[in-house]
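Hi there,

Here is the structure I promised to pass on to you. My notes on it follow below; have a look at it first, then read on.

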Amino acid sequence: MFPDPVGLFPLNERLSYAHILVHIAAVDGSLVREEVQAIEGYMGKCLIPPGQRDEIRQGFENPKSFGELLNNISDEILQYALRDAIIVASIDGEYDESEIACIREIASKIDMSDEELSKVFDWVKSGWKWNSGYKKFISKNSQK
Amino acid sequence: MLPDTVHKLPREERFAYAKLLAFIARIDNELTVDEMAMFEQRLGTALLSPNQRDMIRAALKNPPTLEECLDDLHGEAGRLALRDAVLMAAADGNVDEDERDVLEEISEHLGLKEEAVDLLLEWTVKGYKWMKQGYELLNSLEE
């Protein structure tokens with residue numbers, strides 16, 4: 001929902017970033033509309049050209065090798081991929097073991113400790129709390 | 001980027017929502033990369049059809065009037081559009097007078113309470129702080 005440095009990385013890095021998020025969304029074998037919505041939002045946020053989004057969408061059904069994706073992306077953008085992977089994984093209400101395994105793999109690639117990873121999970125949780133706050137200002141009950 | 005209920009709205013309402021954001025993005029006749037990124041993000045979140053996306057991107061080049069946008073905007077779609085209009089207006093760190101006037105006009109059109117825009121701006125500031133905490137957390141890992 002906010003401006004983010006992810007859009008400033010070279011296109012090939014942004015494509016890998018988006019592929020990682022698609023992998024996270026699809027890895028538990030079920031795909032909810034909110035996950036698709038989030039991925040579409042991330043592709044927009046990092047300004048992936050419309051013509052290249054179709055290729056990324058194909059990853060929902062035929063995900064790329066996760067190991068290969070991690071090997072073809074810099075640690076700098078991988079930090080953001082980790083942050084956003086946790087958000088994507090949280091969307092359907094619970095973290096699946098397969099999602100956690102991928103997130104741990106990313107964390108390991110950037111040498112993030114369990115304690116640090118736990119802080120990112122906490123940060124995501126606090127974001128959900130913040131995000132729900134707008135509802136009371138613009139609900140039907142907030143009308144004159 | 002946290003998902004929300006925009007995608008649950010009927011397609012025409014999502015289109016009206018996105019049209020208002022195109023208006024907001026061009027409100028000061030400038031379009032920064034940050035504003036473009038936020039606009040594209042919200043467009044993605046709305047899950048519009050490719051054809052509708054093209055129409056909305058065209059609206060970015062030739063923005064509709066506010067009146068045209070408001071004519072099609074009511075109920076939940078309008079309230080979500082106001083929320084995201086506030087986020088977009090604040091994207092450059094400052095909500096100028098023209099932007100503020102438009103936000104108030106949208107709020108008035110939707111029949112929201114007078115303090116609605118102020119409360120949304122406060123909520124937005126909290127959100128930016130949350131994002132900043134996220135950056136600080138990631139940056140601390142590099143040390």
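**What I found**

H1(A) covers residues 11-26 and reaches 22 Å from its first C-alpha to its last, close to the 22 Å expected at 1.5 Å a residue (1.5 Å times one less than the number of residues). Helices here are DSSP runs of H or I with at least four residues, numbered from the N terminus.

Some housekeeping: this is a predicted model, in which local features need pLDDT of at least 70 and side-chain atom pairs count only at pLDDT 80 or more, while totals for chains, interfaces and linings use all residues. Residues are numbered from 1 along each chain as its sequence is written, and chains are lettered from A and ligands numbered from 1 in the order in which they are written.

The predictor gives the complex an ipTM of 0.86 and a pTM of 0.90. Chain B averages a pLDDT (the predictor's confidence in each residue, from 0 to 100) of 90, and 97% of the residues score at least 70.

Now to the interface. In all, 37 residues of chain A are in contact with 37 residues of chain B (C-beta atoms, placed from the backbone, within 7 Å). On chain A, H2, H5, H7 and H8 each supply at least two residues of the side that touches chain B. The largest share, 10 residues, comes from H2(A).

H7(A) and H7(B) pack at an angle of about 170 degrees, with their axes 10 Å apart (axes are lines fitted to C-alpha atoms over the stretch in contact, and angles run from 0 to 180 degrees between N-to-C directions). That angle makes H7(A) roughly antiparallel to H7(B) (over 145 degrees). Among the residues that meet there are A:Trp123 and A:Trp130 from H7(A), and B:Trp130 and B:Leu137 from H7(B).

One residue to look up in H7 of chain B is B:Thr124. B:Thr124 counts as buried because it has 21 C-beta neighbours inside 10 Å. Leaving aside neighbours within four places in sequence, B:Thr124 is in contact with B:Val86, B:Leu87 and B:Ala90. The C-alpha atoms of B:Thr124 and B:Asp84 are separated by 9.5 Å, with the two residues 40 apart along the chain.

Best wishes

How values were computed:
Two residues are in contact if their C-beta atoms, placed from the backbone, lie within 7 Å. Angles under 35 degrees count as roughly parallel, over 145 as roughly antiparallel, 65 to 115 as roughly perpendicular and the rest as oblique. A residue is buried if 20 or more other C-beta atoms lie within 10 Å of its own, exposed if 12 or fewer, and partly exposed in between; C-beta atoms are placed from the backbone.
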